[in-house]
Amino acid sequence: AVSALASKSGQSKQLWELSRKKMGLAGTPPPAIPEDLPPHTRAEAQEVRQKLEALQKEKEGVEARLRAVKEEDALDFGPNQEYFVLKNQCYSITKGEVYRMCPYGDSQQGSRSIGKWQGWHKQSEWHSPYRMMKFTNGDTFPCPQARELEVHVECGLKYEIVKVEEPAVCKYSMVFTCPLACTEELS
């Protein structure tokens with residue numbers, strides 16, 4: 001039991017030397033100890049290790065896809081999933097700098113983040129929740145707080161940003177036209 005514990009803890013050599021010294025046999029070479037043995041390299045064992053590694057990578061990939069599906073499932077695409085068409089789309093406008101807004105993603109002013117998708121924001125009880133998008137937690141330098149963007153969604157023939165401004169330091173506002181905003185139940 002002591003030698004098994006010593007082997008598990010990697011102290012077999014020390015235990016051997018102490019016991020040999022006690023018995024007056026110091027200096028005699030110790031037998032092979034488990035931690036001194038080379039790793040097992042039988043072809044079958046190597047093949048099983050490779051299969052295990054491949055299965056672990058496959059499992060990680062499946063788990064990543066599952067997380068992505070759960071994250072997407074948690075997003076609000078409208079009562080009948082109308083706004084799903086905006087997912088993975090980005091829109092931009094140039095007003096001195098290029099402003100980019102990706103619904104369900106992020107927004108930028110040049111190379112600076114002006115916020116990450118926070119969701120739809122209902123302005124008041126009589127407004128549709130699908131009239132304003134919120135982006136928060138953008139870059140802070142040199143702002144006193146993280147940059148953020150409000151996107152007002154209005155009825156229009158095309159999906160496009162028609163106006164952008166900075167009404168307060170590091171607080172941005174956009175007007176985005178969208179044919180989906182023209183429907184009665186979403187307006």
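**A buried glutamate and its surroundings**

Glutamate 82 is buried yet has no salt bridge, and the nearest side chain of opposite charge, arginine 131, is 12 Å away. Buried here means under 20% relative accessible area, with exposed being over 50% and partly exposed in between (1.4 Å probe, protein chains only). A salt bridge would need a side-chain nitrogen of Lys or Arg within 4 Å of a carboxyl oxygen of Asp or Glu. As for charge, Lys and Arg count as positive and Asp and Glu as negative, while His and the chain ends are not counted. The model is a predicted one: local features need pLDDT of at least 70, side-chain atom pairs count only at pLDDT 80 or more, and totals for chains, interfaces and linings use all residues. Residues are numbered from 1 along each chain as its sequence is written, and side-chain values use heavy atoms, leaving out hydrogens and water.

So what does the side chain of glutamate 82 reach? It gets to the backbone nitrogen of asparagine 80, at 3.0 Å. Glutamate 82 itself sits in the loop between helix H3 (43–73) and S1.

Zooming out, the chain has 3 helices and 8 strands (DSSP runs numbered from the N terminus: H or I of at least four residues for helices, E of at least two for strands). From the N terminus on, the order is α-α-α-β-β-β-β-β-β-β-β. Of the 187 residues, 29% count as buried.

The largest nonpolar core has 25 residues, and Tyr83, Met101, Met133 and Phe176 have the most contacts inside it. Strands supplying at least two residues each include S1 (91–95), S5 (132–136) and S8 (171–178), and S8 gives the most, with 4 residues. Such a core is a set of buried Ala, Val, Leu, Ile, Met, Phe, Trp, Tyr and Cys residues joined through side-chain atoms within 4.5 Å.

The whole structure holds 12 aromatic pairs. One of them joins phenylalanine 77 and phenylalanine 84 edge-to-face, at 5.0 Å centre to centre and 75° between the planes. Rings of Phe, Tyr and Trp (its six-membered ring) pair if their centres lie within 6.5 Å; planes under 30 degrees apart are stacked, over 60 edge-to-face and the rest tilted. Phenylalanine 77 counts as buried because its relative accessibility is 3%, whereas phenylalanine 84, at 40%, counts as partly exposed. Both belong to a cluster linked by ring pairs, along with Tyr83, Tyr104, Trp117, Trp120, Tyr130 and Phe135.

Technical notes: A polar contact is a pair of N or O atoms within 3.5 Å; within protein, one must be able to donate a hydrogen and the other to accept it, and residues adjacent in sequence count only if both atoms are side-chain atoms.
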